[in-house]
Amino acid sequence: MTAAGAPKLVIVGGGYLGSDLAKSLDAVMDVTLIERASHFTHAPAMIRAMVDPALLDRALIPYDGLLSRGRVIRGEAASVDGGGVTLTDGTRIAGDYIVLATGSANAAPFKSATGDIEGLRADAARWNAALRGASRVLIIGAGAVGTELAGEIAHAHPDKTVTLVASDPALFPGFPAKLGASLAAKLQAMGVKVITGARAASLPGRDQPEGGTVTLSNGAAIEADLIVPAVGSRPLTSVADTLPDVGRAADGRVAVDGYLRPSSLPNVFAAGDIAAAGDAMTIVAISRQKPWLEKTLKSLAGGKRIEGLKPYAPWGEKAPILVPLGPRRGSSYLMVATLGDWVTRMMKGRDLFLTKYNKLLGRA
Ligand SMILES: Cc1cc2nc3c(=O)[nH]c(=O)nc-3n(C[C@H](O)[C@H](O)[C@H](O)COP(=O)(O)OP(=O)(O)OC[C@H]3O[C@@H](n4cnc5c(N)ncnc54)[C@H](O)[C@@H]3O)c2cc1C
């Protein structure tokens, strides 16, 4: 048990931000993590799980080994105020500090929108079966998820025709041009057809695997046996929306002040995918936000005033990215340099950080 009188920290959402922060502060605060799902979803591995469903056993990780002093409460948070969090079943969990980290939903089979892990497993199996039966795969959206998926399919199924459609004129326009050019060249060498500067006029639903014909804004009509819409994540802000005076950024995330606070309540914080903190919706962003929150909460618990502490500074243009194209190839942008297959494979492609997150969750 944490020492009697330790400040109570309540975290809503056990994704990358919530789980890591809960574990980091477990020894010094009285931590309660509220999570509606039975398992942590390790999103980067869910892409490869579409071609290799055996990965699901390590990509979906139960929460029972996460904390040794605090507790993970399985439940759905409904609302939050300055004194704590109320669950949908009426349970009240009191906190001195509250961190909202409810994250985002993405399309099946990558991430659940409801926390239904069995449903996510079933989706993954359905999409894998559809992929195996398809000879022409069309991926709409060439962010990291769409681009990595194209690489995974081309690596595992070189016999299939894979087309990747990007709405921007080049891949990864937010990074130096060399990164996008190198990824496009590698994908083409793997047999992927990369179409840039085109949008799909309409898309099938994101939840059921479907084939059909997609007309693009450049006039092309592409027929495919399987269409994968990889068009981004949707922030899950319903709990944060119950706070007083919450603002909304243009991308749908909640606005936060320099100390990652989304409302006028001084002890309620928001971070990760739900918070418009100046970072992208990535684990990379959380690798910066989590240490800042950990340090800030420790200082506050030690009696410091927040106004005397350093505000959060987002990554800005220094944000790194690792984009594997299957387990062997890929390109990355790290420390202002674009790097190739070897670095991408060693840092991410071969293990996809599965070992790191299984360790965080207390699994061998
Ligand atoms: C397929 C895919 C691959 C990705 N790969 C990468 C990558 O390689 N590198 C990278 O940097 N980023 C990657 N990302 C982005 C990354 O996954 C997100 O940025 C990250 O998940 C955000 O973490 P989070 O803690 O904010 O939220 P999440 O990871 O979304 O976790 C939120 C948690 O809150 C829970 N929750 C939500 N609402 C409630 C509620 N009301 N009550 C209780 N619990 C609730 C959810 O069940 C969930 O467990 C990827 C995303 C996807 C979809």
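The model is predicted: local features need pLDDT of at least 70, side-chain atom pairs count only at pLDDT 80 or more, and totals for chains, interfaces and linings use all residues. Residues are numbered from 1 along each chain as its sequence is written, and side-chain values use heavy atoms, with hydrogens and water left out.

A salt bridge is a side-chain nitrogen of Lys or Arg within 4 Å of a carboxyl oxygen of Asp or Glu. The count under this rule is 18 salt bridges.

| Pair | Closest N and O atoms |
|---|---|
| Asp123 and Arg126 | 2.5 Å |
| Asp225 and Arg136 | 2.7 Å |
| Lys290 and Glu294 | 3.0 Å |

Helices (H or I, at least four residues) and strands (E, at least two) are DSSP runs, numbered from the N terminus. Buried means under 20% relative accessible area, exposed over 50%, and partly exposed in between (1.4 Å probe, protein chains only).

Asp123 and Arg126 are 3 residues apart in helix H4 (residues 117-133), about one helical turn. Asp123 is buried at 17%, whereas Arg126 is partly exposed at 36%.

Asp225 bridges to Arg136. Asp225 belongs to strand E15 (residues 221-229) and Arg136 to strand E11 (residues 136-140), so the pair ties together parts 89 residues apart in sequence. Asp225 is partly exposed at 30%, and Arg136 is partly exposed at 32%.

In helix H7 (residues 283-301), Lys290 and Glu294 are 4 residues apart, about one helical turn. Lys290 is buried at 11%, and Glu294 is buried at 17%. Salt bridges with shared partners join Asp20, Lys290, Glu294 and Lys298 into one network.
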